[in-house]
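Visitor: Please walk me through this model one feature at a time, with the general idea ahead of each case.

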Amino acid sequence: MGFADQRFNVNLSILFTELPLLERPAAAAAAGFSAVELWWPWVDSPTPERSELDALKRAVEDAGVQLTGLNFYAGRLPGPDRGALSIPGEESERFRANIDVAADFARSLGCTALNALYGNRVDGVDPAEQDALALANLVLAARAADRIGAVLLVEALNLPESPRYPLVSAPAAVEVVDRVNEASGLGNARFLMDLYHLSMNGEDLPAVIERYASRTGHVQIADNPGRGAPGTGTLPLEDLLDRLAKAGYEGWVGLEYKPGDRPSAESFDWLPRTAR
């Protein structure tokens, strides 16, 4: 097995960012990819104008690529925020306002995976209060995802880069997945296994794969250190993806890495064009 046996999509919120948003789907297609994913593109607006949504939809369709993953509104990402759904007040209200907008946009492009970032801890707020708010909002998101035939993803980030984010291990994220599935009764919440974040946390990646592959709805990769393309760091990504495949994972692998000091189109030399 190897990289050529995987299904890769390109995250257009970290790759091809040297281009305007509406040019990125075509750039991914020109690089040989048939599928893309996105963080919520409008960082300041959970409810952008219909014209903006329609323009991005046309850009994806005209490029001939499939949108396979989309984040709900998560605040300023990249930036200081790590999600909105557990933040009391305006931010969680913005998340709720975004739920149906994001789900309907995903449905319009046949996207069946929606990622909900949990959000940072807030000074002066009881973590239990944040967790209760998070569960309520995640259940709403799970219902919206179910309405369009999608899964709801819950992601673990890494402690060094996200010190105020409470889900910084695979078990912590899967525990939230279990709570959401129990509360919603839908069973469509799944773990987003980001091998870069888990490696930054020092987790035993083969053990995580063995334990949680069956609970995983999406996988993302970047090498470590550096969050660059495979081969720029020391992570055995080819072996890890082989382990995932042998454990039964058949979904997409999102390329969520930084291209470095070169154009994004030149950062895929580790992957034969015939395998994109």
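Visitor: Where does P78 lie?

Guide: The general idea is that helices (H or I, at least four residues) and strands (E, at least two) are DSSP runs, numbered from the N terminus. In this case, P78 lies in the loop between β3 and α3 (90–108). Before we go on, keep in mind that this is a predicted model: local features need pLDDT of at least 70 and side-chain atom pairs count only at pLDDT 80 or more, whereas totals for chains, interfaces and linings use all residues. Residues are numbered from 1 along each chain as its sequence is written, and side-chain values use heavy atoms, with hydrogens and water left out.

Visitor: Which residue does a cis peptide bond join to P78?

Guide: As background, most residues other than glycine have a negative phi, and most peptide bonds are trans. Here, L77 is joined to P78 by a cis peptide bond, with omega about 5 degrees. A cis bond also runs from N224 to P225, where omega is near 5 degrees. P225 sits in the loop between β7 and α8.

Visitor: Now phi. What is its value at F16, and what at R227?

Guide: F16 has phi near 65 degrees, a positive value in a residue other than glycine. Phi of R227 is also positive, about 55 degrees, although R227 is not a glycine. F16 belongs to the loop between β1 (8–11) and α1 (24–30), while R227 is in the loop between β7 and α8.

Visitor: Are those two buried or exposed?

Guide: The idea is to look at relative accessible area: buried means under 20%, exposed over 50%, and partly exposed in between (1.4 Å probe, protein chains only). F16 counts as buried because its relative accessible area is 2%. R227 is buried too, at 12%.

Visitor: Which residues does the UniProt "active site" annotation cover?

Guide: UniProt positions are given in the numbering used here, feature names are shortened, and annotations may be inferred rather than shown by experiment. The record, an unreviewed entry, places "active site" on E155 and E256. They are spread over 102 residues of sequence, yet they cluster in space, with a largest C-alpha distance of 13.3 Å. Both E155 and E256 are included in the lining of the largest pocket.

Visitor: What surrounds E155 and E256?

Guide: E155 is part of strand β5 (residues 151–155), and E256 comes in the segment after β8 (253–255). E155 is buried because its relative accessible area is 4%, and E256 is buried, also with 4%. Not counting residues up to four places away in sequence, E155 touches several residues, including N115, H197, Q220 and E256. With neighbours within four places left aside, the contacts of E256 include N11, W39, E155 and R227. A polar contact is a pair of N or O atoms within 3.5 Å; within protein, one must be able to donate a hydrogen and the other to accept it, and residues adjacent in sequence count only if both atoms are side-chain atoms. The E155 side chain makes one with the side chain of N115 (3.1 Å), and the E256 side chain makes one with that of N11 (3.5 Å).

Visitor: How much space lies in the largest pocket?

Guide: A pocket is an open set of points on a 1 Å grid over the protein atoms alone, where a 1.4 Å probe fits, with protein on both sides within 12 Å along at least five of seven lines; lining residues have an atom within 4 Å of a point. Grid points are joined across faces, edges and corners, and a volume is the space filled by probe spheres set on the points. The largest pocket holds about 350 Å³. It is lined by 20 residues, of which W39, L77, R82, H197 and R227 are the closest to its centre.

Definitions and conventions. Contact = heavy atoms within 4.5 Å.
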